[in-house]
Amino acid sequence: MPEIILFNKPYGVVSQFSGDEPEHTLASFINKPDFYAAGRLDKNSEGLLLLSNNGSLQHRLTHPKFNKRKYYWVQVEGIPSEADLEPLEKGLVLKDYAFLPAEVRFIDEPKIWPRTPPIRFRKNIPTCWLEIVLKEGKNHQVRKMTAAIGYPTLRLIRHRISDWKLGNLQPGEYRIIHHPFNPR
C-alpha cells in the first residue's frame with residue numbers, strides 16, 4: 001500500500017534529499033528509501049511537506065488539476081487593509097505571473113515554534129499574520145504576492161495540504177500514513 005510522509009520542514013532545509021554542502025537536506029531528517037517530495041517548500045519556508053513512495057500518488061498530490069488546496073500562515077511586514085488584500089483575492093497579475101484567486105484572512109499569531117534564526121525585528125514597523133489558501137503552488141508564490149501589494153513576507157509556514165495537517169509535528173519530525181490510493 002502506498003505511504004505518505006507528513007514532514008514538518010524546518011527553516012533553512014531544502015526540499016530534496018541531496019544538495020551542495022553545507023546545505024541541510026531532507027536526508028538529515030528522513031532515512032526512508034524510495035520516498036520523494038510531492039511538491040516543494042523553498043529553503044526559507046517552513047511547515048508541511050508531503051513525501052510519497054508512489055509516483056502516481058505523487059502526481060495526484062501535486063498536479064493543479066487535482067485541486068489540492070494549500071494553507072499557509074504568513075507573517076507580513078506592516079498591516080494591510082482589506083482593500084490591500086483584494087488583488088490577492090481577485091487573482092493577482094504580475095508581468096511574469098498570473099495567480100489564481102486566493103483566500104486571505106487576518107488571523108491571530110498561531111501557536112508555533114520559535115524560528116532559528118528569528119525573523120528580523122523592527123521596533124517601528126508592525127507585523128501581522130494572515131492565512132492564505134492557494135489552489136496552485138507556483139514558485140515563491142506567496143512571497144511574490146505579498147511583496148507585490150507592499151507587505152513583504154517575513155515568515156511563511158504551510159500548515160495544511162488538502163486534508164493533511166501539520167498537527168503537533170515539531171520542526172524535523174514526521175509521521176507516516178498509509179494511503180488507500182486508487183489511480184483512477
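Are Arg143 and Asp42 buried or exposed?

Analyst: Both Arg143 and Asp42 are buried, where buried means under 20% relative accessible area, exposed over 50%, and partly exposed in between (1.4 Å probe, protein chains only). Please keep in mind that this is a predicted model, in which local features need pLDDT of at least 70 and side-chain atom pairs count only at pLDDT 80 or more, while totals for chains, interfaces and linings use all residues. Residues are numbered from 1 along each chain as its sequence is written, and side-chain values use heavy atoms, with hydrogens and water left out.

Let us begin with the pair in your question. The side chains of Arg143 and Asp42 form a salt bridge, with 3.3 Å from N to O; the term stands for a side-chain nitrogen of Lys or Arg within 4 Å of a carboxyl oxygen of Asp or Glu. Helices (H or I, at least four residues) and strands (E, at least two) are DSSP runs, numbered from the N terminus.

Leaving aside residues up to four places away in sequence, Arg143 touches Asp42, Asn44, Ser45, Thr153 and Leu156, a contact being heavy atoms within 4.5 Å. Its side chain also makes a polar contact with the side chain of Ser45, at 3.1 Å; such a contact is a pair of N or O atoms within 3.5 Å, where within protein one must be able to donate a hydrogen and the other to accept it, and residues adjacent in sequence count only if both atoms are side-chain atoms. The C-alpha atoms of Arg143 and Ser45 are separated by 9.8 Å, although the two residues are 98 places apart along the chain.

The helix that carries Arg143 is α3 (residues 141-148), in which Gln141, Val142, Arg143, Met145 and Thr146 are buried. The cover over the buried residues of α3 includes β4 (70-77), α2 (82-90), β6 (127-134) and β7. Just after α3, Gly150 takes a positive phi of about 90 degrees.

An automatic or database assignment sets the bounds, giving domain 1 (3-65 + 162-178) and domain 2 (69-161). The C-alpha centres of domain 1 and domain 2 lie 21 Å apart, and their contact takes 20 residues from domain 1 and 16 residues from domain 2. The area buried between domain 1 and domain 2 is about 1600 Å², with carbon and sulfur atoms giving 49% of it; this is the accessible area (1.4 Å probe) that two parts lose on being put together, summed over both. On the side of domain 1, Tyr11, Glu46 and Ser162 lose the most area to domain 2, together 37% of what that side buries.

Between domain 1 and domain 2 there are two salt bridges and 14 residue pairs in polar contact, both residues of each pair being at pLDDT 80 or more. On the side of domain 1 that touches domain 2, β3 (46-52) and β8 (164-165) each supply at least two residues, and β3 gives the largest share, five residues.

Glu46 brings us back to the charged side chains. Glu46 forms a salt bridge with Arg155, the closest N and O atoms being 2.7 Å apart, and this pair too links distant parts of the chain, with Glu46 in strand β3 and Arg155 in strand β7, 109 residues apart. Glu46 counts as buried because its relative accessible area is 2%, and Arg155 counts as buried because its own value is 6%. Arg155 lies in strand β7 (residues 153-161), and the residues that Arg155 touches include Glu46, Trp73, Ile112, Trp113 and Trp129. The backbone oxygen of Trp113 lies 2.9 Å from a polar atom of the side chain of Arg155.

For contrast, consider Glu86, which forms a salt bridge with Lys90 in which the closest N and O atoms are 3.8 Å apart. Because they are four residues apart in helix α2, Glu86 and Lys90 are separated by about one helical turn. Here Glu86 is partly exposed, at 37% relative accessible area, and Lys90 is exposed, at 64%.
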